[in-house]
Structure formats: C-alpha cells, structure tokens
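Welcome, and thanks for taking a look at this one. Below is a short briefing to read alongside the structure, grouped by topic.

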Amino acid sequence: MKKITRAALAATLAISGSWVSAQTLLNASYDVAREFYKDYNAAFVAHYKKTTGKDVKIDQAHGGSSAQARAVNDGLDADVVTMNTTTDVDFLASTGVVAKDWPKRFPGNASPTTSTMLFLTRNGNPKNIKDWDDLIKPGIQVIVVNPKTGGNGRMAYLAAWGYVKKKGGTDAQAAEFVGKLYKNVPVLAKGGRDATTIFLQRNIGDVLVTFESEVVSVDREFGEGKVDAVHPSISIVAENPVAIVERTVAKKGTGELAKAYLDYLYSEEAQEIAAKHALRPRSQAVLKKYSKTFKPIQLFYVNEVFGSLAEAQKVHFNDGGQFDKLYTVK
Amino acid sequence: MTALPIAAPARRRAPAKVLPGFNLTLGYTILYLSLIVLIPLSALVFKTFTLSWEQFWAAVTGPRVLASYRLTFGASFIAALVNVVFGLLVAWVLVRYDFFGKKVVDALVDLPFALPTAVAGISLTALLAGNGWVGQYLEPMGIQLAFNPNGVVIALIFIGLPFVVRTVQPVLEDAEKELEEAATCLGATRWQTFSKVIFPSIAPALLTGFAMAFARAIGEYGSVIFIAGNMPMVSEITPLIIIGKLEQYDYAGATAVAVVMLVFSFILLLIINALQAWQRRHTGAPT
C-alpha cells in the first residue's frame, strides 16, 4: 500500500510538472499515539511547507512500543522513533541504531511530552476509590497490565512502589504493598488497550490503573460519563522519549528533516495538540491552560526512586526479579 | 508426514528406482524443506547457542516457565482430545446425512482456519466473560470459563476443530458402506459395526487430525491471549512467556524457551507418527 501511494504521489508530481520530489519520513511509534501523530503530522507538514517551501510526507508505523523498537533494530527503515518507554530507546542505543547520548539531543530528556498513571473507576466511583491505599483493600478488583508484556504495566507497578517510598516507606513495605495490590488483580491484561477492553467491555474490575492519556480515548470510544478519572495523591512521570534513527537518516539523507520533525514537537502549537490528546506538555503555559485535564498532583521521576528505568527493569521485571517473586514465592 | 520418511523406505525396497526422476524429487523435497522449515529453525537454535548451558537451563526452567509448559501442553492435549470426539461427530454427520443448509455448515467448519485468531479470541471472550451472552448464565452457577485455564482450552478447541474434521471427512467418504451392510447381515450390533469395522479404518485419520490439532494448539497465541487472563503460574501460556522475554529484549532467553517447545512438540509428533505406523501394521488398514 505504502509503495502504491508513494508511486501515485510520484506520478501526480511528474504529471503536474513539479519536480520538487517530496521527501518522506517514517515515524515508528507506539499504538495509542496514532491519533496524536495524525494531528501532529498535518500541523508539521504545513509548518515545514511554510518555513522551507518544501513538501514532505510523513508515514506512520504503529505497534506495541517495544515491538516497534525490535522492528527498527531488525531493519525497519524508520527515520525517527517516538516511544512511550525510555527502555525501548535505550535498547536501540545499545545496538547502535540511535545515538548513545540520545536523551541529551532534545530538551527535557528528549521527551516532548509525559504522562502519568491514574485510576479510572466506574461512573460515580461507587467503591469510593481515592488513592493508592484504596486499591489494596479487600474486595476491590484492580485491572492492570502485566508488567512483563507492557510498558503501561511497568509504570503502574513502579507508581505503586514509588507511592510507598515517597511517603517514607521502606523497600520491604513497598514490596508488601505491591504484593497486596496484585492479589486484588483478577486478570492481567497484555497491553494498555487490552486492559481498557477488559475493564469497559468485559465489565471486570472496580478500578483500572492506566495512563492519563488513555482517559481521552476511553471517552471517545465508549462515550463520556462511563468512567471517572481519579488522580491519586502521588504518581509517576512516564516520559515519552523521541530519537532520530541514525542508521536510517545516514542512508536516506533525511537527518535535517528528522531533526525538524522532532524539534517541532516542542513548539507551542504541537504542545497544544498533545494536550488535547491528554499527553502532558512540557510547556508550562500550555500545561496551565489545560489544568482541568492535568490536575496538579505530586509527581516523581523514575530516577528519584529507582535510579533509572533500566535499573528498575533489572531489579523488578526481569526473570526472577521482584515481580516474579510476587507470584512464585508463597 | 513429510515426504522424507516415505521416500526413504521406498528407496530401500526398490534399488532399481521404479520411480523416474527420483533423485530430482528427493532433491527438491530436501531443498524445499530446508528453505521453508530448517533454515528458520536453525536460526532459532543458533540464537539460543549464544547462551551458556547454565543460562539456558535457568531460562527454560524458571517456575513461571514450567507452569506455562504444563498449561500449554495440558490444555492442547485436552483440546485435541475433545476435538477428536466432536470432530468425528461433525465429520460423520456431514458425510452420512443430508439436510437443509449442509453446504453452509460444511463451509463453517473451515472458519477457524480463516478467521484471524485474535478475532476468535475476542469474540470467545465476549461470549464467555461474566457479562457475555453465555457467561452471564454460567457465572451465577459458579462456572467461570473466561480468564482462567478453562478459557485456554475452549479457545484451543475452537481453532483445532477443522483439523480433525478435514482429515476424517475424506476417509469416511471413501469408507465402503457395503462393509457395514455386510457386518449387519452377519449379525453385528451397531456398536460392533462401529468399533470393529468403521473405527479401525478411520483411526489413522483421527490420529493425524489429533496430531495436527495438538500441534496447532501448542503454538497458538492470538486467540488464547485474550481469554486466558494471563496470570503468572496459573494462566500464562508458553508463547506468552516468549513474548514476555522479547519485551525484555531477552532474545536468547525467548529462543531458548522456543527451542524447548519445539523439541517437545517434535518428540510428541514423532510418538504420534509411530503410533500411527504401528496401528496401520496392526490392523492392516490400507490408509
């Protein structure tokens, strides 16, 4: 299909006599970013035309964040990657596909937007769930993503752990808390969308722990008023990192375009588009403007509690790690 | 079931090469098998060899991994058994009876082949979950079919059915009715006719159907994942463990588990093939 559209585009250009061949750029991104990037791409194409006079065409490839990272590593010719977990870009850096110092190449740890974990409850919040402590009460069913198979699940786990630590708890207390929380989990979803389906279509569970950005898509797909968004007192900052795929841009000569594409994510206009899709903008002005969506809560970074996400991955999620112990050690 | 095992004995028995161009066909078979099956599989094995023996052992014997083997092989076995019984019934009805809409039913049997497995998983879940069409009546009775190992078995029954029906159906069609009539004339009861006349002639086909349904079930991912619930130690299938390892960028660990699965499946299929050969010799059935 892509080839056909490209060929068609080339043909139209040839016929119209315009010899400015449009450059194309492939953005490999994660599943739920589809709608955001659709809007962003339109804005960027217009912006690029206005500032440079050149036409550009953006292609999108979406999939699970780490599945996309593996695809790029194995040879998918994406010019840029826009992920929802830094480990996915770290992996590409470790194999030399993106620059080693990628977090320094763009502002804000190369993350133009962030998100956080919050709770969705049934309309009217019948079980009166206000904070993390309510999730471990007996009889509450919690829907979360399996941290083994989805970044969403890792963030939920780390947010719960960090909540205990931020309140002055020890690692042992955090482990006990998280253990109790997962005792209340009847079904572990495979990924973020799967979790939403289980909660809303299967009607299982009292509360869904998920990304803030998922609230908008829930309202869009299932109709407003089916769920209440509950902001816990403390939650985690989940960065959405971006990087240029050096291997591809060296081959295609699209380095400048790729940089312009990612730079523009930090513009006020793009930040506003992000805010509309419930992705927390870095721009304080835009954040303030949308403070109704982005309730100010105490946020902590992964680095503050866990050293780094890579470290957290090793200690908590790798085989034999803390998460496995919840289920295997009785 | 490949051309190889058949070709080898044929050669031994006929050194004078009865079949023309035998070298060519054999060569083609080996080339084709290598391209389609052996090369991808050897890539798998090579990737695994990047692990030391201890690492390999740790990767394939973790408690969650062991639990997943039990579930995957156990559920696949049960599902294949169920399919043998009910697949035979379906094939029997399709061959022996004429009824309105038979062509449609016949076509329906192939649906699990064609349907994207994820779609199958999602619709089965919608049906069997606590608020589903069927689940809402079963749940109050304490029967939970979705989000536990029961769901895994059901999904595997669904995807495995056509394998049994489609292998048994042609054999049943070819079965000579006269034999059954003769048996009846000679005073056999209906059960005797079935167990002594019909069953031996279709048993090899049934075994083949079983083996195929079983093998397919072991590798199934898409449909199971939505209905299983994916709880560690309880309802995680081995393919999910492999995906989980890939999510951690543990390529070697993932291939290690895959290799174990492959070896197990291969051994099981070998046993089934041997059973089939033994059964053929035992009954002298020509199939």
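The score called pLDDT is the predictor's confidence in each residue, on a scale from 0 to 100. It matters here since this is a predicted model. For chain A the mean pLDDT is 89, and 93% of the residues reach 70 or more.

**Confidence along chain A**

- Confidence in chain A is lowest in helix α1 (residues 2-16), where the mean is 51, and highest in strand β12 (residues 242-244), at 96.
- The pLDDT is below 50 over residues 11-20 of chain A, a stretch with four contacts in the model beyond near neighbours in sequence.
- Where pLDDT is low, the predicted coordinates should not be read in detail.

**Domains of chain A**

- Chain A is split into domain 1 (2-114 + 240-289) and domain 2 (117-236 + 297-328).
- The C-alpha centres of domain 1 and domain 2 of chain A are 29 Å apart.
- Where these domains meet, 13 residues of domain 1 of chain A are in contact with 13 residues of domain 2 of chain A.
- On the side of domain 1 of chain A that touches domain 2 of chain A, helix α4 (residues 86-94) of chain A gives the largest share, three residues.
- By type, the residues on that side of domain 1 of chain A are three nonpolar, seven polar and three charged.

**Helix α8 of chain A**

- How far apart should the ends of helix α8 (residues 151-166) of chain A be? At 1.5 Å a residue, its 16 residues should span 22 Å, and the end C-alpha atoms are 22 Å apart, which agrees.
- Of the 16 residues of α8(A), 14 are buried, so the helix is largely enclosed by the rest of the structure.
- Just after α8(A) comes A:Gly168, which takes a positive phi of about 95°.

**Nonpolar cores**

- The largest nonpolar core has 108 residues, and those touching the most other members are A:Ile143, A:Ala160, B:Val152, B:Ala155, B:Leu156 and B:Val257.
- Helix α9 (residues 149-174) of chain B contributes the largest share of this core, 14 residues.
- A second, separate core holds 41 residues, including A:Ile58, A:Ala78, A:Leu92 and A:Ile244.
- Setting aside neighbours within four places in sequence, A:Ala160 is in contact with A:Trp132, A:Phe177, A:Val178 and A:Leu181.

- A:Asn109 is not a glycine, yet has a positive phi of about 55°. This residue is found in helix α6 (residues 107-110) of chain A.
- Is A:Asn109 buried, exposed or partly exposed? With 17 other C-beta atoms within 10 Å, A:Asn109 is partly exposed.
- A:Ala278 is a residue other than glycine with a positive phi, near 65°. A:Ala278 sits in the loop between α14 (268-276) and β13 (280-281) of chain A.
- A:Ala278 has 21 other C-beta atoms within 10 Å and is therefore buried, as 20 or more are needed for that label.

**Chain B on its own**

- Chain B has 14 helices and zero strands.
- The C-alpha atoms of chain B fill a box of roughly 65 × 60 × 30 Å along the principal axes.
- Of the 287 residues in chain B, 33% are buried.
- Counting contacts in chain B between residues at least 6 apart in sequence, 78% join residues at least 24 apart.
- Chain B is divided into domain 1 (1-48) and domain 2 (52-283), and the C-alpha centres of domain 1 and domain 2 of chain B are separated by 28 Å.
- Contact between the domains of chain B takes six residues from domain 1 and nine residues from domain 2.
- On the side of domain 1 of chain B that touches domain 2 of chain B, four residues are nonpolar, one is polar and one is charged.

**Where the chains meet**

- Between the chains, 21 residues of chain B are in contact with 20 residues of chain A.
- On the side of chain B that touches chain A, α4 (63-96) and α13 (238-247) of chain B each supply at least two residues, with the largest share, four residues, coming from α13(B).
- Which residue types make up the side of chain B that touches chain A? That side divides into 10 nonpolar, nine polar and two charged residues.

Definitions and conventions:
Residues numbered from 1 in each chain as written. Chains lettered and ligands numbered in written order. Predicted model: local features only at pLDDT ≥ 70, side-chain atom pairs only at ≥ 80, totals over all residues. Expected span 1.5 Å × (residues − 1). Buried ≥ 20, exposed ≤ 12 C-beta atoms within 10 Å, placed from the backbone. Core = buried A, V, L, I, M, F, W, Y, C linked by C-beta atoms within 7 Å. Contact = placed C-beta atoms within 7 Å. Domains from an automatic or database assignment. Nonpolar A, V, L, I, M, F, W, Y, C, P; charged D, E, K, R; others polar.
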